[in-house]
Structure formats: C-alpha cells, structure tokens
Amino acid sequence: MRVLGIETSCDETGVAVYDSERGLCAHAVYSQTEIHAVYGGVVPELASRDHVRKTLPLIRQTLTEAELSPEQIDGVAYTAGPGLIGALLVGAALGRALAWAWEVPAIGVHHLEGHLLAPFLEDKPPPCPFIALLVSGGHSQIIHVPEVGIYQLLGESVDDAAGEAFDKTAKLLGLPYPGGPQLARLAERGDPTRYRFPRPMTDRPGLNLSFSGLKTYTLNALQQTLGERDDTEQVHADIARAFEEAVVDTLVIKCRRALESTGVPRLILAGGVSANRRLRERMAAAMQPLGAELYYPRAEFCTDNGAMIAYAGWRRLAAGHQQPLAITPRPRWPLTDLVPLA
Ligand code: KG4
Ligand code: ZN
C-alpha cells in the first residue's frame with residue numbers, strides 16, 4: 001500500500017510517499033523559517049497562506065521524485081491536529097480533496113502520533129512496549145506505549161514545552177528565531193562549570209516537567225554578569241550550556257524514573273528537541289546501567305516532516321480506519337483521545 005502524507009500543522013510544509021513494501025519512496029520539507037524570523041515567531045496567517053502556495057507544488061515534486069503517478073497512490077494521510085487551525089485546514093482540505101478525486105481512502109493523522117512513530121522509519125524499528133519522550137516546540141510528554149495506537153500519558157510539562165524553552169532562552173541570548181538549534185550550537189563552546197541552573201521538579205515524585213523557570217535563571221545570570229565580565233560572547237555560550245545541561249539532565253532523570261517505575265526496558269526520543277546531540281548522548285549513557293535500549297529517528301525526522309505522517313497514516317489505513325468526506329481539523333487534540341489501531 002502506498003500512502004501520500006501531508007504535514008501543514010505549523011511552519012513546515014512536509015510531503016512524503018510511504019510504501020508498506022518498499023519503505024519511504026520520497027519526501028520533501030519546505031520550511032517557512034525565513035518568513036517568520038523577522039517577527040520572532042510564527043505568524044499563523046502567514047503560515048496558512050504559505051502552505052496554500054507550497055503544498056501542491058511539493059506534492060507534484062515528491063510524486064515526480066518517487067516516479068509515481070496519482071493512480072499509484074492507495075491512500076492520503078494529512079495532519080488533522082493539533083496545530084494552527086488555518087495551517088491545518090490547508091493540508092486537510094487538499095489531502096481530503098485529492099483522496100476524493102483519486103477515489104482512495106483518506107485519514108486525518110494526529111501530529112504527535114506521527115512524531116512518536118518516526119523511529120519506525122529507521123532500519124531497526126523499536127518493538128513495543130516502549131516509553132516515549134516527546135519533546136517538541138509545543139509539547140513535552142512522557143508516554144507509555146504498550147502497542148502502537150495506545151498512548152498512556154505518564155507526565156507532561158506544566159508550563160513551557162522543552163522546545164519552547166529553548167526558543168525563548170535563545171531569544172534572551174539574542175539569537176534569531178527559531179533559536180533551539182542555534183542555542184545548542186552556541187552551548188558547545190560553553191564552559192559547563194561556570195553556571196549551574198536547577199533541574200526543575202526532579203526533587204519531587206512523579207513525571208511532570210516544568211521549564212519556564214529556566215528563563216528567569218537565564219535573565220538573572222545575564223544581569224549578574226553585566227559589569228563582572230566583558231567577554232559577552234563567552235558569557236552567552238556559558239549560559240547556553242548551563243541551560244542545555246539543565247534541560248537535558250532533567251529529561252534524563254525523568255526518563256530513567258519512567259523506565260524504572262514501569263519496568264519497560266525501551267525508550268524512544270521524538271519531536272524537534274530529540275535532534276539535540278547532548279540529549280541523545282546523555283540519554284544513551286543513562287540507558288546503559290539500566291540495560292535499556294534507546295531509539296530515535298534521524299535528525300530530519302525529529303522535526304516536522306511528511307514522512308512521519310505518511311507512515312502513521314499507513315498504520316491507521318491498514319487497520320481499516322478512514323476519514324469520512326467532511327474534514328474536521330482539531331487545533332487541540334489530546335493524544336490520549338486516539339482510538340487503538342485494532
Ligand atoms: O517537532 P517540531 O519540529 O515542531 C513542533 O511540533 O513543535 O519541533 C520544533 C522545536 C523548536 O522549538 C526547536 O527550537 C526545537 O524543536 N529544536 C531543538 C533542536 N532542533 C530543533 N532544540 C534543541 N536542540 C536542537 N538541536
Ligand atoms: Zn511537530
């Protein structure tokens with residue numbers, strides 16, 4: 001079965017074709033970063049308008065690269081939520097209309113299920129059950145996955161998502177939007193012993209997370225240092241390092257706790273922040289003494305893309321799920337509302 005996947009929930013247009021026999025046939029992502037950078041964040045109306053311009057040409061391009069014609073597509077998957085309503089509407093309307101015209105089934109995919117299943121696009125997919133750490137710009141969740149389609153929330157951020165914290169802290173350090181990856185690059189030059197930020201909520205039981213307080217520590221460190229040090233660039237690198245260490249350490253502590261309390265010996269990392277090199281290294285080291293396995297997708301499938309939507313859509317279509325003709329995008333859509341596959 002060949003499924004066309006369309007992702008338009010935020011500021012990336014992603015398109016891919018997944019073949020259940022041969023794997024990924026082709027995929028392409030167009031990022032709107034430049035459009036939003038001048039505003040320091042995503043402007044929803046501009047995002048929708050750009051999806052209108054880019055999605056169909058990207059579908060054409062992807063089909064050409066895959067050397068496939070529309071008659072060879074057996075289903076269409078599009079992101080139905082959560083995300084920006086206008087942006088979601090573009091992919092949903094286009095995806096549903098194409099499926100109708102091509103006389104194939106359509107499926108509205110949950111964006112976070114897409115992220116969670118991205119590691120299945122790799123050569124060695126994780127067996128179930130596993131614990132998933134989903135860390136993106138909009139979400140930070142620790143989820144127990146006994147089988148694909150069943151998602152039990154073990155903990156989540158009570159305020160900022162991990163990616164949001166990266167982006168906001170990057171802004172405080174004068175880095176352009178989206179600052180997460182740039183902050184990570186800056187942190188590589190930072191001295192880890194210079195500042196120490198707290199590991200929020202690790203001193204109490206449970207698996208919830210909180211990252212908004214780290215902004216205050218960043219501001220305080222910046223203000224304290226004014227007048228004390230004149231090597232501003234190094235100050236910024238040292239603070240970036242302290243921030244990254246605090247986020248990574250907190251996530252490691254909570255994931256270790258999740259594996260120990262559930263007895264599940266397997267962790268997957270997903271979402272934009274899982275592209276972070278320090279997080280991957282530190283998590284791998286933490287898994288060793290537990291005898292647990294660690295899985296994560298290649299960096300380009302950590303951030304938003306069409307491949308994960310095509311794959312998740314195929315899993316649901318293959319299980320007999322499909323979308324009626326009406327499109328019902330859901331800007332807010334708890335992952336735990338999803339119905340099991342079988
Ligand atoms: O999954 P994603 O592309 O979009 C959402 O669904 O939110 O995640 C984007 C987030 C942004 O906040 C971005 O700054 C962050 O992931 N991110 C990173 C890195 N790469 C992307 N954060 C830290 N280190 C990175 N290397
Ligand atoms: Zn995402």
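This is a predicted model: local features need pLDDT of at least 70, side-chain atom pairs count only at pLDDT 80 or more; totals for chains, interfaces and linings use all residues.
Visitor: Which strand pairs with S5?
Guide: Strand S4, residues 75-81, pairs with S5 in the parallel sense over five bridges; pairing requires at least two DSSP bridges. Within this pair, Val76 stands opposite Ala106 of S5.

Visitor: Changing topic, what holds the zinc ion (ligand 2)?
Guide: Its protein donors (N, O or S atoms within 2.8 Å of the metal) are His111 through NE2, His115 through NE2 and Asp304 through OD, at 2.0 to 2.1 Å.

Visitor: And how are those donors spaced along the chain?
Guide: The donors of the zinc ion follow the spacing H-x3-H-x188-D.

Visitor: Why are His111 and His115 separated by about one helical turn?
Guide: Because they lie four residues apart in helix H4, residues 111-117 (a DSSP H or I run of at least four residues). Both His111 and His115 are buried.

Visitor: What geometry does the zinc site have?
Guide: The site is tetrahedral (four donors, all angles between 85 and 135 degrees), with angles of 95 to 135 degrees among its four donor atoms.

Visitor: What conventions apply?
Guide: Residues are numbered from 1 along each chain as written, with chains lettered from A and ligands numbered from 1 in written order. Local features need pLDDT of at least 70, side-chain atom pairs need 80 or more, and totals for chains, interfaces and linings use all residues, while side-chain values use heavy atoms without hydrogens or water.

Terms used. Donors are N, O and S atoms within 2.8 Å of the metal (3.2 Å for Na, K and Ca); water is not among the atoms, so sites may look incomplete. Four donors count as tetrahedral if all angles lie between 85 and 135 degrees; four count as square planar and six as octahedral if opposite donors are over 155 degrees apart and all others between 65 and 115; anything else is irregular. Helices (H or I, at least four residues) and strands (E, at least two) are DSSP runs, numbered from the N terminus. Buried means under 20% relative accessible area, exposed over 50%, partly exposed in between (1.4 Å probe, protein chains only).
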